[in-house]
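Here's a quick briefing on the charged side chains in this one. Take a look at the structure first, then read on.

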Amino acid sequence: MTGSDASPSFTLAYVPGVTPTKWVRIWNERLPGVPLTLTSVPTDEAEGLLRARGADAGFLRLPVDRTELSAIPLYTEATVVVIPKDHLVAVAEEVTTADLADEILLHPLDDVLEWEELPGRPANERPATTADAVELVAAGIGVLVVPQSLARLHHRRDLTYRTVTDAPVSRVALAWPEDATTELVEQFIGIVRGRTVNSSRGPKPPAAGRNEAGGRGAGGRNGGKPGGGRSGAVKGAAKGSSKGAPKGSSKGAAAKGAPRGATKRGKPRKRP
């Protein structure tokens with residue numbers, strides 16, 4: 001998303017249910033000079049947005065067409081059934097699709113689960129969106145099976161959800177155009193995969209310079225942490241001062257700023 005004459009920037013797309021906050025925070029810490037723009041996109045439009053270069057990368061739900069896009073699977077979500085709080089299913093901690101056999105199952109047009117066969121009884125009409133289906137659940141029309149993140153996204157006080165152990169699951173992946181694997185895309189891949197700043201892949205921050213006495217910088221041996229270790233100059237000075245200290249000196253006297261002998265000699269003598 002950057003040109004040779006433009007300032008670098010990065011656009012990240014994400015589908016409903018994905019929360020990219022953690023990765024965005026790390027990006028801002030590591031690349032404060034490269035602004036990151038977030039753009040929310042419907043699940044069924046996410047691939048098209050990346051192909052059209054509307055974003056540098058995006059969090060999508062698998063499957064992804066690999067002919068033009070590269071993708072790294074990240075995690076698999078639990079699947080839950082959204083129900084009213086006073087529903088009979090709410091007494092169990094988890095259920096199976098067989099437990100939903102007598103329920104009207106709402107199947108929104110933007111459903112992200114790939115069913116071989118829907119459980120329960122079909123509704124008269126398919127809601128346009130997951131949000132619409134949640135409203136129908138609240139009205140007592142039926143139940144809804146979705147990834148847990150979508151149940152949380154559309155949370156209502158009068159509704160709850162339970163895990164469905166044998167339902168299809170949704171996998172989330174980081175995807176980007178295969179022919180646009182830029183340096184910034186590599187940086188974001190590293191962040192998502194948990195690479196450190198000093199990882200062998202991707203550009204590294206400038207190395208800590210040596211001081212005038214030839215020692216390493218303060219963070220040279222501690223992963224770049226400020227104050228993580230003494231420099232060569234500091235160690236040398238500390239060693240030299242230790243050897244050259246008066247034999248009669250002590251920690252207590254040093255803390256007061258004068259050797260012990262100086263304190264005795266400065267003491268007035270009593271007259272006979």
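Searching the whole structure turns up 8 salt bridges. Keep in mind that this is a predicted model.

**Arg51 and its partners**
- Side chains of opposite charge can pair when their charged atoms come close.
- Arg51 pairs with Glu47 in a salt bridge, with 2.8 Å between the closest N and O atoms.
- Both Arg51 and Glu47 sit in helix α2, 4 residues apart, or about one turn of the helix.
- Arg51 also meets the side chain of Asp65 in a salt bridge, at 3.5 Å from N to O.
- Asp65 is in the loop between β3 (57-61) and β4 (69-77) while Arg51 is in helix α2, so this pair ties together parts 14 residues apart in sequence.
- Glu68 forms a salt bridge with Arg51 too, the closest N and O atoms being 3.8 Å apart.
- Since Glu68 lies in the loop between β3 and β4 and Arg51 in helix α2, that pair links parts 17 residues apart in sequence.
- Through shared partners, Glu47, Arg51, Asp65 and Glu68 are joined into one network.

**How exposed these residues are**
- Arg51 counts as partly exposed because its relative accessibility is 27%.
- Asp65 is partly exposed at 33% relative accessible area, and Glu68 is partly exposed at 44%.

**The negative patch**
- Asp44, Glu45, Asp110 and Asp132 make up a negative surface patch.
- Asp44 is found in the loop between β2 (36-40) and α2 (46-51).
- With 67% relative accessibility, Asp44 counts as exposed.

Methods
Residues are numbered from 1 along each chain as its sequence is written. This is a predicted model: local features need pLDDT of at least 70, side-chain atom pairs count only at pLDDT 80 or more; totals for chains, interfaces and linings use all residues. Side-chain values use heavy atoms; hydrogens and water are left out. Patches are made of residues with over 30% relative accessible area and no salt bridge: like charges are joined within 9 Å, nonpolar side chains (Val, Leu, Ile, Met, Phe, Trp, Tyr) within 5 Å. Accessible areas come from the Shrake-Rupley method with a 1.4 Å probe; for residues, only the protein chains shown count as cover. A salt bridge is a side-chain nitrogen of Lys or Arg within 4 Å of a carboxyl oxygen of Asp or Glu. Lys and Arg count as positive and Asp and Glu as negative; His and the chain ends are not counted. The place of a charge is taken as NZ of Lys, CZ of Arg, CG of Asp or CD of Glu. Helices (H or I, at least four residues) and strands (E, at least two) are DSSP runs, numbered from the N terminus. Buried means under 20% relative accessible area, exposed over 50%, partly exposed in between (1.4 Å probe, protein chains only).
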